[in-house]
Amino acid sequence: MDAQSEGKDTKDKMNSEDFYTNAISYWEGIPATVDGVMGGFANLSTNDVTGSKKFLSSFITGPEASVATNRALDCGAGIGRVSKRLLLPLFKEVDLEEQNPSFLERAKEYLGESGRRVGQFFPTGLQEFAPIKGHYDVIWCQWVLSHLRDADLILFLKRCCQGLVPHSGIIVVKENIARDEDEFDDNDSSVTRSMEAFLRIFSESNLVILKQELQPRWPENMFEVALFALKPKTT
Ligand SMILES: C[S@@+](CC[C@H](N)C(=O)[O-])C[C@H]1O[C@@H](n2cnc3c(N)ncnc32)[C@H](O)[C@@H]1O
């Protein structure tokens, strides 16, 4: 297949009626474990969290800190891996959004004592979810945005802007990046986007990139993982 028809094929699959239902079925069959939510790469979890901590630290600690640590939202939270190891140690309260209810049930045990500081669990798909308005210092979206169609992702990011504490809140996106064209994965019904696609989507969502970097020390035979800190464009 040539590159043009591959691109069209990806768009057709993303727009197909069963794009969302296929992802629900896929995740229903995955064990509620760190290995499950990391696609069999639980061994990379510590490296991932270390990279995220470093990325976030310049926003929340030190003289240049501009973002408060009252409330964070973990989107596509899975069993709460990111909440447990990154967000709950840094924020007073964390909410979890996740489509698969059995992952959220598991999160309630997995988070242990720190789970007492969870505000709310939202068992819904991001394509239908609106964060509480003006509420969050950080909205964290990791390894889940590949499950949204472009148009739904743009609308979701715009709703996230409404969910941020005005003037200081940020959205962090941490996602796999395709080297060339967007790549559709029939297995879990997701699309891995190119850097170009993300930049276009952020721009169409009226977001400005405050900081951008690649996850360090990541295996070369895997997709690169990019981190973006974003804030709403002011007019
Ligand atoms: C690769 S796992 C990542 C989980 C977590 N972010 C982490 O890094 O540990 C992807 C998660 O996205 C969830 N998910 C898939 N489609 C979703 C959607 N449309 N809305 C919300 N969550 C979704 C899955 O159920 C799964 O828990």
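Me: Where is the place of Leu126?
Reply: This is a predicted model, in which local features need pLDDT of at least 70, side-chain atom pairs count only at pLDDT 80 or more, and totals for chains, interfaces and linings use all residues. Residues are numbered from 1 along each chain as its sequence is written, and side-chain values use heavy atoms, with hydrogens and water left out. Strands are DSSP runs of E with at least two residues, numbered from the N terminus. On that basis, Leu126 sits in the loop between strand 3 (118-122) and strand 4 (138-142).

Me: Is Leu126 buried or exposed?
Reply: Buried means under 20% relative accessible area, exposed over 50%, and partly exposed in between (1.4 Å probe, protein chains only). Because the relative accessible area of Leu126 is 4%, this residue is buried.

Me: Is Gln142 buried or exposed, and in which strand is Gln142 found?
Reply: The relative accessibility of Gln142 is 6%, so this residue counts as buried. Gln142 belongs to strand 4.

Me: With which side chain does the side chain of Gln142 make a polar contact?
Reply: A polar contact is a pair of N or O atoms within 3.5 Å; within protein, one must be able to donate a hydrogen and the other to accept it, and residues adjacent in sequence count only if both atoms are side-chain atoms. For the side chain of Gln142, at 2.9 Å, the partner is the side chain of Trp140.

Me: Which relative accessible area does Lys231 have?
Reply: Lys231 lies in strand 9, which covers residues 224-232. Lys231 is partly exposed because its relative accessible area is 33%.

How values were computed. Helices (H or I, at least four residues) and strands (E, at least two) are DSSP runs, numbered from the N terminus.
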